[in-house]
Amino acid sequence: DMEYIYAPLMRAFKSKLLVTYWGSDLLRITHERVNENLLQRAVGITFMTAGLYERFHDIYGNNFDDKLHIIDFGVSIYDALDQLKQTPSAREENRALFGIPEGKICIMAGYNANPGQQHSEIIDSISRLPDEIKDKCHLLLQYSYNYTDKKTYYESILDKLHSASFSWGIIDSFLNDEQSARLRNSVDIFIHAQITDALSASMLEYLYAGTIVLNGSWLKYHELESRKIAYLQFDTFHQLSDLLKTVLENLDYYKESVQPNQASLYALNSWAAVKDHWFGLYNQCLEELSHAKA
């Protein structure tokens, strides 16, 4: 229970507490209430999306309504992506940096090494494409973090890739913000098929970079839909094969369709857009701490 870790620290430093939920903190647990005493001590409880807010209500009811805030973290590499777009040669330089063969269409599958990204199913979807289309593609997997300790899973992915009839590569080194921006700038198509997700920053970064995002329809993003952020959806991995074929045969059209995403995303969750809300919460903490010491 996290209360045993944080409560003594709060008492020792006379601190106030803000609790922030990530997607898996709520999406991958049962309805069992955990850390309820810690939540009672919190000044505020924040969620990235309305979906997480509703999930919290399913578990805890109305007990903490006066503390709840829907506020996303700012996406830190939007500005870096803007700078890259101002340099015409940046994209080709970045593609070379990540070993993407010249002239190939780069497809990124997922953004970490967790089996929940469903790499195997994505590889199968690409393998079902006609040979003349596969010959144009280069698949990238990013295993930079969340590296699974299930060695057999990683080996099964490598076996599948070694027998694949298309070009591929794996990024297994940690990427800082600048390198992550360079990677986003290099990719043509991003396939997002993980099992659960609240609002993936990696997916948002690809959308902002002008990448065509193919998203599993079981991942719901009301915040993006309400702002008409353009991305494509598939229901099954067999349907993903058909969607990939359509996109790869009409790449210029789909690249053009995602260009309006940039302004809407910056207004949604750049740090410039969300910082005032975070400052407001921190100031509330400081005010309550000041009153407590008085």
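Helices (H or I, at least four residues) and strands (E, at least two) are DSSP runs, numbered from the N terminus, and on that basis the chain has 16 helices and nine strands. This is a predicted model, in which local features need pLDDT of at least 70 and side-chain atom pairs count only at pLDDT 80 or more, while totals for chains, interfaces and linings use all residues. Residues are numbered from 1 along each chain as its sequence is written, and side-chain values use heavy atoms, with hydrogens and water left out.

**Chain as a whole**

- Of the 294 residues of the chain, 48% count as buried, where buried means under 20% relative accessible area, exposed means over 50% and partly exposed lies in between (1.4 Å probe, protein chains only).
- The accessible surface of the chain comes to about 14700 Å², with 50% of it belonging to carbon and sulfur atoms; such areas come from the Shrake-Rupley method with a 1.4 Å probe, and for residues only the protein chains shown count as cover.
- Where contact means heavy atoms within 4.5 Å, 74% of the contacts in the chain between residues at least 6 apart in sequence join residues at least 24 apart.

- Seven of the eight residues of α11 are buried, namely Ser202, Met203, Leu204, Glu205, Tyr206, Leu207 and Tyr208.
- At the start of α11, a side-chain oxygen of Ser200 comes within 3.2 Å of the backbone nitrogen of Ser202, and α11 is followed by Gly210, which has a positive phi near 90°.
- Asp197 belongs to the loop between β7 (189-192) and α11 (201-208) and is buried, its relative accessible area being 17%.
- The side chain of Asp197 makes polar contacts with the side chains of Tyr221, at 2.5 Å, and Gln194, at 3.3 Å; a polar contact is a pair of N or O atoms within 3.5 Å, of which, within protein, one must be able to donate a hydrogen and the other to accept it, and residues adjacent in sequence count only if both atoms are side-chain atoms.

**His192 in strand β7**

- His192, found in strand β7, counts as buried at 0% relative accessibility, and a polar contact of 3.4 Å joins its side chain to that of Tyr221.
- With neighbours within four places in sequence left aside, the residues in contact with His192 include Asp197, Ser200, Met203, Tyr221 and Phe234.

**Aromatic rings**

- Rings of Phe, Tyr and Trp (its six-membered ring) pair if their centres lie within 6.5 Å, and planes under 30 degrees apart count as stacked, over 60 as edge-to-face and the rest as tilted; by this rule there are 20 aromatic pairs.
- One of these pairs is formed by Phe73 and Trp271, which are edge-to-face at 6.5 Å centre to centre, with 80° between the planes.
- Phe73 lies in the loop between β3 (68-70) and α5 (78-85) and Trp271 in helix α16 (residues 271-293), so the pair ties together parts that are 198 residues apart in sequence.
- Phe73 is partly exposed at 26% relative accessible area, and Trp271 is likewise partly exposed, at 36%.
- A cluster linked by ring pairs takes in Tyr21, Phe47, Tyr53, Phe56, Tyr60 and Phe64.

**Helix α15**

- The buried residues of helix α15 (residues 261-269) are Asn261, Leu265, Leu268 and Asn269.
- These residues cover an arc of only 60° around the axis, which puts them on the same side of α15; the arc is that of the directions from the helix axis to the C-beta atoms.
- Ala263 and Ala267, on the other side of α15, are exposed.
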